[in-house]
Amino acid sequence: MRSVVITGATSGIGKAAALGLAAHGFQVIGTARTTEKADKLTAAAAESGHRVRAVLLDVTDPGSCQDAVAEIAELTGGGPWALVNNAGLAVGGAFEDVSEADARAVLETNLLGVARMTRLVLPSMRRRGEGRIVQMSSVAGLIATPLNGWYSAGKYALEALTDVLRREIAASGIRVSLIEPGFIDTPMLSEGIARLPAHTRYAEAYEAAGRLIARRRPLGPDAVARTVRRALTAPNPRRRYSVGHEARMARLSRLLPPATVDVTMRACLRLNRV
Ligand SMILES: NC(=O)c1ccc[n+]([C@@H]2O[C@H](COP(=O)([O-])OP(=O)(O)OC[C@H]3O[C@@H](n4cnc5c(N)ncnc54)[C@H](OP(=O)(O)O)[C@@H]3O)[C@@H](O)[C@H]2O)c1
């Protein structure tokens, strides 16, 4: 049975992927930040008739990462076959509105945490001569939308770092894929909107962004979970998997003149009066 570790498996995409992969015969280890959430994850799996084991992990804490990977090595007889770097944090807000502490938190979680966990599992994958790394990127890693700068900066950097990693380790038998979802209906989306600051010069733009997002019909997390499974089961996994139409639109927008993209985004987000 192939083992897979999914970081941030207590909610949204990570939880859907953990339950979905367990149902398809993987030995799943999901990570959680608290024992309470870990227990809820294992109970949810048991309710659906499957087994997911939970390990405590905060990806921003190097000691926690080391402890988690040591525990995972024991559970998997040396190390996991696959790692899905899913844990993530959304910090929205205009460039001028995001504090350095919030910027640091999003990069610590969405970029350095991913790198840390990947570095820790690579030695056992190398020894085995095979393995899979799946990185949960985003449409925000393809197009930089106003009011989402630091989240985009982290995901753009994740795209770059993953391209580099894939090229560096191609001879090792370890395959690396990026998943680029558009809007997905999870707590991250709603909490991100709720946390936008009020009473700033960008207040009208935040309202416009909230209205635009509210008009969308986001896919559910199962759509991304199915794509994670494709990346883990394909004999030759792709470098990138898009989920939802936003990622395709983002790629198309790269073909447009930059001035057109700027004007359209500014108009949609009511930024012309800021
Ligand atoms: N939702 C979208 O529209 C969307 C679109 C594209 C990409 N994504 C990406 O998909 C991934 C999952 O997001 P989601 O939408 O499923 O969000 P979510 O429901 O909020 O889940 C985020 C998960 O990450 C965990 N997490 C956060 N900080 C962590 C840390 N420091 N250490 C360990 N775990 C941590 C959370 O744990 P707790 O339960 O303890 O908070 C939770 O399990 C993220 O990488 C996100 O950037 C989301």
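A: Accessible areas come from the Shrake-Rupley method with a 1.4 Å probe, and for residues only the protein chains shown count as cover. On that basis the accessible surface of the protein chain comes to about 13,700 Å², of which 54% belongs to carbon and sulfur atoms. This is a predicted model, in which local features need pLDDT of at least 70, side-chain atom pairs count only at pLDDT 80 or more, and totals for chains, interfaces and linings use all residues. Residues are numbered from 1 along each chain as its sequence is written, and side-chain values use heavy atoms, with hydrogens and water left out.

Q: Why is the protein chain called as compact as a globular protein of its length?
A: The globule rule is 2.2 Å times the number of residues to the power 0.38, and the radius of gyration is taken over C-alpha atoms. The chain has ten helices and seven strands, these being DSSP runs (H or I, at least four residues, for helices; E, at least two, for strands). Its radius of gyration is 19 Å, close to the 19 Å that the rule gives for 274 residues, so the chain is as compact as a globular protein of that length.

Q: What makes the pair of Tyr-202 and Tyr-206 tilted?
A: Rings of Phe, Tyr and Trp (its six-membered ring) pair if their centres lie within 6.5 Å, and planes under 30 degrees apart count as stacked, over 60 as edge-to-face and the rest as tilted. The structure holds two aromatic pairs. In the pair of Tyr-202 and Tyr-206 the ring centres are 6.4 Å apart and the planes stand at 40°, so this pair is tilted.
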